[in-house]
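Biologist: Please take me through the features of this model one at a time, with the general idea before the particular case.

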Number of protein chains: 2
Amino acid sequence: MARSDQTQMAVLGALSIRPMTGYALREEIRSTLGHFWSESFGQIYPALAELERQDLVERLGSSDSRSSSFALTPAGNARLRDLLGEPAEPSRPRNGLLLRLFFGRQIGPDACRELILEAREKAEQQLAQMDAARSGLLADTGLDRDIPYFLLTISAGEHSARATIAWADEALASLAALDEDGTVGLGTTD
Amino acid sequence: MARSDQTQMAVLGALSIRPMTGYALREEIRSTLGHFWSESFGQIYPALAELERQDLVERLGSSDSRSSSFALTPAGNARLRDLLGEPAEPSRPRNGLLLRLFFGRQIGPDACRELILEAREKAEQQLAQMDAARSGLLADTGLDRDIPYFLLTISAGEHSARATIAWADEALASLAALDEDGTVGLGTTD
DNA sequence: ATAAGCATGTAAGGAGTTACATGATTCT
DNA sequence: AGAATCATGTAACTCCTTACATGCTTAT
């Protein structure tokens, strides 16, 4: 599955929840899908234009160029299901934190500790965000049939954040043990 | 921090463990850093050439074009530490599985179950890989001072994989509950 | 000898981000 | 009136991947 197809999938999918403008689409992708998906600005409008050209989405309301929402056509809905059925292309991991820790000997245990604490805080924040998202969701009506699936992704975010916190605590403890052993200490990194 | 800097960081970092050829570098990045970092083929040689031009790495042994290992120069080591000290740029998440599950209503619970089972299996495999990596590491001598840091990244991989497994089991249970409720059933997704 | 793996690169093209540009609407 | 936000797009640029191209070395 090509990358551009994945952008199409995200746009069609979001419009399957409810029709909206390109601007709202961008906000929705940033806020609601944000913890597991991202689309950049300069992709959404071109993607919408292409989808409209293929009659997979249509403009609702005024055909003025401004303030017109987009909605899925039946063909668009079919296309979405096709795309969802294709296997996800494996993502290329790029975890800057783990890369830095892998070479941690070069910067020493203290710098590593800081990095880990920072990651731990971000994970705590994510946990809070997931909680807020879940509350917001249950207050929203008209999404009953989608909510069970939304909850799967929120749960994934929570599990991931909790795993990060547990790992961070373990990692901090093992760095502390290193200091006591003296096997790796400040100023002895080269 | 620009992306290309991150490629430099990975290359310099790998060479800080031990000098090696471009080919070995590629293998090392794929196999050892693979679970949290990736560099594509066509980046490593240009990056090495650029680093050599800046006198951050040097060729060891024969200055023939073939079979020459690269090693960090003192300037290269300093550059590595600078890079490691810079904050990691936030990664843009693109989780194809969660994107599909978010729109899971379109494909129904059975298709979602399959996706989740697949992810669960991959996580089990990762767990086994992490275990193998840890064993291989402890057998390797001459890396004593690096090993504690390597172990941090292995532990992160394990926590992450275990979190995925726990989430998958929970998710499968909640999909099963959905079926019983009849709130979302086969053929009732539109 | 010949196949597998080691070793080094290049070139074309696609993907994705950022900055720029413009104007309408709504709130204060 | 002015600021904030809604709304739509483009263009340049960077990054990255993939496919291609070449030749050596070592084991069978």
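Modeller: Let us begin with two residues, Phe36(A) and Phe102(B), both of which are buried, a word that stands for under 20% relative accessible area, with exposed for over 50% and partly exposed in between (1.4 Å probe, protein chains only). This is a predicted model, in which local features need pLDDT of at least 70 and side-chain atom pairs count only at pLDDT 80 or more, while totals for chains, interfaces and linings use all residues. Residues are numbered from 1 along each chain as its sequence is written, chains are lettered from A and ligands numbered from 1 in the order in which they are written, and side-chain values use heavy atoms, with hydrogens and water left out.

Biologist: How many aromatic pairs does the structure hold over all chains?

Modeller: In general, a pair of aromatic rings is described by the distance of the centres and the angle of the planes. Rings of Phe, Tyr and Trp (its six-membered ring) pair if their centres lie within 6.5 Å, and planes under 30 degrees apart count as stacked, over 60 as edge-to-face and the rest as tilted. Over all chains there are 6 such pairs. In one of them, Phe36(A) and Phe102(B), the centres are 5.8 Å apart and the planes stand at 45°, so the pair is tilted. Phe36(A) lies in the loop between α2 and α3 of chain A and Phe102(B) in helix α5 (residues 96–102) of chain B, so this pair joins two chains; helices are DSSP runs of H or I of at least four residues, numbered from the N terminus. Phe103(B) is buried, with a relative accessible area of 2%, and Phe36(A), Phe150(A), Phe102(B) and Phe103(B) form one aromatic cluster.

Biologist: Which side chain does His159(A) meet in a polar contact?

Modeller: A polar contact is a pair of N or O atoms within 3.5 Å; within protein, one must be able to donate a hydrogen and the other to accept it, and residues adjacent in sequence count only if both atoms are side-chain atoms. The side chain of His159(A) makes such a contact with that of Glu170(B), at 2.9 Å. His159(A) sits in helix α7 (residues 147–181) of chain A and is buried, with a relative accessible area of 10%.

Biologist: Which residues of helix α2 in chain A are buried?

Modeller: Gly22(A), Leu25(A) and Ile29(A) are buried there, while the face turned away from the buried side of α2(A) carries the exposed residues Tyr23(A) and Arg30(A).
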